[in-house]
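The sequence and structure are shown first.

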Amino acid sequence: MIRRWSAIQEWLDHRTGIATAVHKFLYEEIPASSGWHQVFGSIAVFLFLTQALTGALLAFNYAPLPGDAYNSLRYILTELTAGRLMRGLHHWGASMMIVVVVLHMVQVFLWGAYKKPRETTWMIGVVLLLLTLAYGLTGYLLPWDNRAYWGTVVTTQIINTVPVLGPYLARLLGGTGSIGVVTFVRFYGLHVLLLPPVTMLLIAFHIYLVRKHGVAPVPGDDQLPTKKFYPRQVFIDTIAIFIAFAVLFVMAVAVRVPLGQLADPTDISFTPRPEWYFLFLFQLLKLMPGPLEIVGSVVLPGLAVTALILLPFLDRGQMVKVTRRTFAFGAVLLAAIGWGSLTAAAVVSTPNEAKEMVDYSGPTDWMQLPPEEVAGIGYFHAESCISCHTVAGRGSTIGPDLANISKHRNAAWMIEHFKNPSAVRPGTSMPPIALASEQMNSLSAFLLKLTPENARSLLDDTPEFVIQGAMVFEKYACVNCHRVNGNGTQVGPPLNGVGRRRTRDWVKEHFAEPRKLSPGSIMPPYKFTPAELESITNYLFALPPDLSETLAGR
Amino acid sequence: MTEDIGTTRRRFYIGAVYALWGVITGTLGVSALVYLFLPPSMRRGEEWVDAGNVTKLAPSAPVQLFFRRTRVDGWRVLSEQGSAWVVKSQQGAVTAFGPQCTHLGCAYHWDSGNHEFICPCHSSVFSIDGDVQSGPAPRPLDRYEAKVENGKLLLGRLHVSEGKEA
């Protein structure tokens with residue numbers, strides 16, 4: 001058996017040379033100093049391949065057109081088994097790729113491995129870094145939610161400001177002014193058709209050069225015998241790759257990647273934020289207002305990239321031990337401090353509303369409920385109904401299942417029962433509920449909407465800020481004058497889609513002094529507590545702009 | 001002695017490399033298979049489609065009824081025209097057949113002269129009960145889940161008939 005196997009191998013090798021090539025690759029001589037500090041390149045290649053796999057799998061269920069892109073991604077996230085996992089792997093894989101590529105560069109930089117004769121290896125590496133960032137930039141638009149749309153509006157505007165080339169680049173990307181189908185398919189084309197083969201070619205060339213010049217030795221290596229790449233260094237690389245994979249997988253499972261509202265070019269309330277690895281540039285722009293803007297958007301990044309590419313020619317000294325490269329350590333430290341403080345400043349200055357976005361990556365059944373019923377979810381939680389009742393197979397079985405309650409009971413019965421359970425059902429162990437009568441109305445209205453299909457999503461996926469906002473809405477009886485989701489009166493304007501008409505600040509100011517902003521308004525001023533003001537504003541901006549859209553989109 | 005330690009260590013390295021790559025490719029592979037092959041969860045319950053009034057339908061005279069129905073196609077919900085060949089038995093029971101031949105999916109029609117369904121593509125012939133009489137069709141005609149309420153024919157899912165050779 002074994003003899004036949006080796007005969008087949010021999011035959012194949014004689015015809016293709018694969019086995020010899022693999023053997024040559026694995027038994028490459030590497031310097032004695034090789035070890036754990038050289039794992040990042042291998043991890044980067046592994047992550048690239050994982051991105052290619054998860055990207056292709058996502059593409060199997062993704063329609064690259066505005067609108068459809070969003071709906072198909074929602075379909076992947078809410079209806080396909082492991083769809084959320086695939087997107088998680090692709091999303092966090094992208095972030096991890098940036099981290100690993102930067103660590104790889106830092107290692108090469110600190111060890112001085114870019115020096116003669118490895119200048120071209122380094123320069124191609126810099127191009128690969130830029131390609132990695134280009135994936136991030138083009139992929140950011142593809143979910144086609146508000147974040148993606150507005151983020152890309154900013155990006156194309158910045159590209160437009162590049163001296164000389166800017167307008168041409170912007171035209172190439174299909175983006176002058178607003179972003180539409182043309183920009184979208186060009187970003188998609190770059191992301192899946194152009195960037196991958198270019199990256200693969202450059203990775204292949206990069207690895208070829210590493211092999212051609214050998215792994216960079218450190219001073220003193222020439223006194224020691226060389227080692228073989230296989231199996232020790234392969235083992236080390238594998239351990240590192242495995243750790244990276246484990247971290248990636250856990251993140252993909254545990255950290256939910258949100259999906260915002262469908263891109264809405266008329267939404268004037270949206271504040272775009274870039275992905276975390278571009279936040280430092282975003283913050284840099286904020287520090288350079290007016291005519292200085294171009295310094296932050298083009299000049300400084302351009303200089304940084306040029307310096308990186310030319311690094312092997314700027315530093316032409318002899319190889320020295322890594323522990324004696326004080327200047328290099330200083331440079332890395334300085335860059336890290338600069339990047340870190342800019343990023344931290346951007347994170348700290350993130351407005352609260354940007355954090356309280358509706359997550360459309362899960363079911364959004366709550367959107368179809370009027371505020372009264374959403375507030376009922378709050379009372380349901382506050383009264384801990386679940387500690388005695390079952391809802392869609394979860395909770396305790398002391399009391400009856402509530403998911404089907406609308407089939408047996410009506411609101412009047414429920415409210416009587418809330419007030420005095422034992423009078424309605426003698427012998428029951430349910431205690432009376434201490435809620436005001438409007439709150440009881442809310443709770444019963446919510447319970448009547450429960451079905452086995454929507455129960456879990458309503459109780460688990462309704463964002464807390466939405467419930468809080470709906471409770472404020474209830475408390476101040478906004479429904480007496482306004483309409484939400486088709487419920488309420490038309491004395492005042494309907495509140496769905498307020499984000500298309502007003503900014504957040506306008507709405508907040510309007511609560512305090514309606515007549516100042518809308519002369520002739522009969523709306524009375526409201527003195528909310530700061531928490532109430534935040535809650536109600538967040539809630540109003542989270543309402544579906546047009547209920548029929550969300551119904552059609554399931 | 002040193003060679004023994006070297007060999008043991010070498011075998012450990014190689015074993016670990018194979019094991020860890022096995023875990024990585026296994027996890028990714030299983031995830032990919034689950035993602036590709038498990039059907040999407042349907043959030044929309046099955047709906048009954050009104051295919052029209054069947055009170056005036058003559059017994060043993062199949063007619064093709066057309067109706068609009070919504071169909072979930074991936075992330076889209078489409079409203080499209082569907083059809084069924086509807087047969088009322090002498091006793092008044094109504095059966096609705098899917099409009100495609102079970103051979104290769106061509107549209108068949110009712111031949112009232114010979115009292116049979118004929119597929120023009122490869123001459124499959126079905127009886128009025130949908131059973132295969134002759135031709136390459138591998139199984140009887142597919143049937144819709146059907147019920148009659150207030151004279152209206154309501155159609156549910158199309159059930160693929162059991163495969164049995166004619």
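In chain B, strand β6 (residues 116-118) and strand β7 (residues 125-126) pair in the antiparallel sense over 2 bridges, where strands count as paired if DSSP finds at least two bridges between them, and where strands (E, at least two residues) and helices (H or I, at least four residues) are DSSP runs numbered from the N terminus. Within this pairing, B:I118 stands opposite B:V125 of β7(B). Both strands belong to an open sheet of 4 strands in chain B, ordered β5-β6-β7-β8 with antiparallel pairing, and its edge strands, β5 (109-111) and β8 (132-134) of chain B, each pair on one side only.

The model is a predicted one, in which local features need pLDDT of at least 70 and side-chain atom pairs count only at pLDDT 80 or more, while totals for chains, interfaces and linings use all residues. Residues are numbered from 1 along each chain as its sequence is written, and chains are lettered from A and ligands numbered from 1 in the order in which they are written.

Another antiparallel pairing in chain B joins strand β2 (residues 63-73) to strand β3 (residues 76-88) over 11 bridges, with B:L65 opposite B:A84 of β3(B). β2(B) and β3(B) form a hairpin with 2 residues between them, and B:G74 in the turn has a positive phi of about 60°.

| Helix pair | Angle | Axis distance |
|---|---|---|
| α16 (residues 411-419) and α18 (residues 437-449) of chain A | about 130° | 9 Å apart |
| α15 (residues 371-382) and α20 (residues 464-475) of chain A | roughly 120° | within 8 Å |

Axes are lines fitted to C-alpha atoms, for helices over the stretch in contact, and angles run from 0 to 180 degrees between N-to-C directions. α15(A) and α20(A) are therefore oblique to each other, given that angles under 35 degrees count as roughly parallel, over 145 as roughly antiparallel, 65 to 115 as roughly perpendicular and the rest as oblique. The contact of these two helices is made by A:P371, A:E372, A:V374, A:A375, A:I377 and A:G378 of α15(A) together with A:V466, A:I467, A:A470, A:M471, A:F473 and A:E474 of α20(A), contact meaning that C-beta atoms, placed from the backbone, lie within 7 Å. These contact residues divide into 9 nonpolar, 1 polar and 2 charged, with Ala, Val, Leu, Ile, Met, Phe, Trp, Tyr, Cys and Pro counted as nonpolar, Asp, Glu, Lys and Arg as charged, and the others, Gly among them, as polar. In the packing of α16(A) with α18(A), A:A411, A:M414, A:I415 and A:F418 of α16(A) meet A:M440, A:S444, A:A445, A:L447 and A:L448 of α18(A), a contact of 8 nonpolar, 1 polar and no charged residues.

By an automatic or database domain assignment, chain A is divided into domain 1 (1-30), domain 2 (35-215 + 227-261), domain 3 (363-462) and domain 4 (464-554). The centres of domain 1 and domain 2 of chain A, taken over C-alpha atoms, are separated by 33 Å, and their contact takes 5 residues from domain 1 and 8 residues from domain 2. For chain B the assignment gives domain 1 (1-38) and domain 2 (49-159), whose centres, again over C-alpha atoms, are separated by 55 Å.

The contact between the chains takes 22 residues from chain A and 22 residues from chain B. On the side of chain A that touches chain B, α10(A) gives the most, with 8 residues, and by class this side has 13 nonpolar, 5 polar and 4 charged residues.
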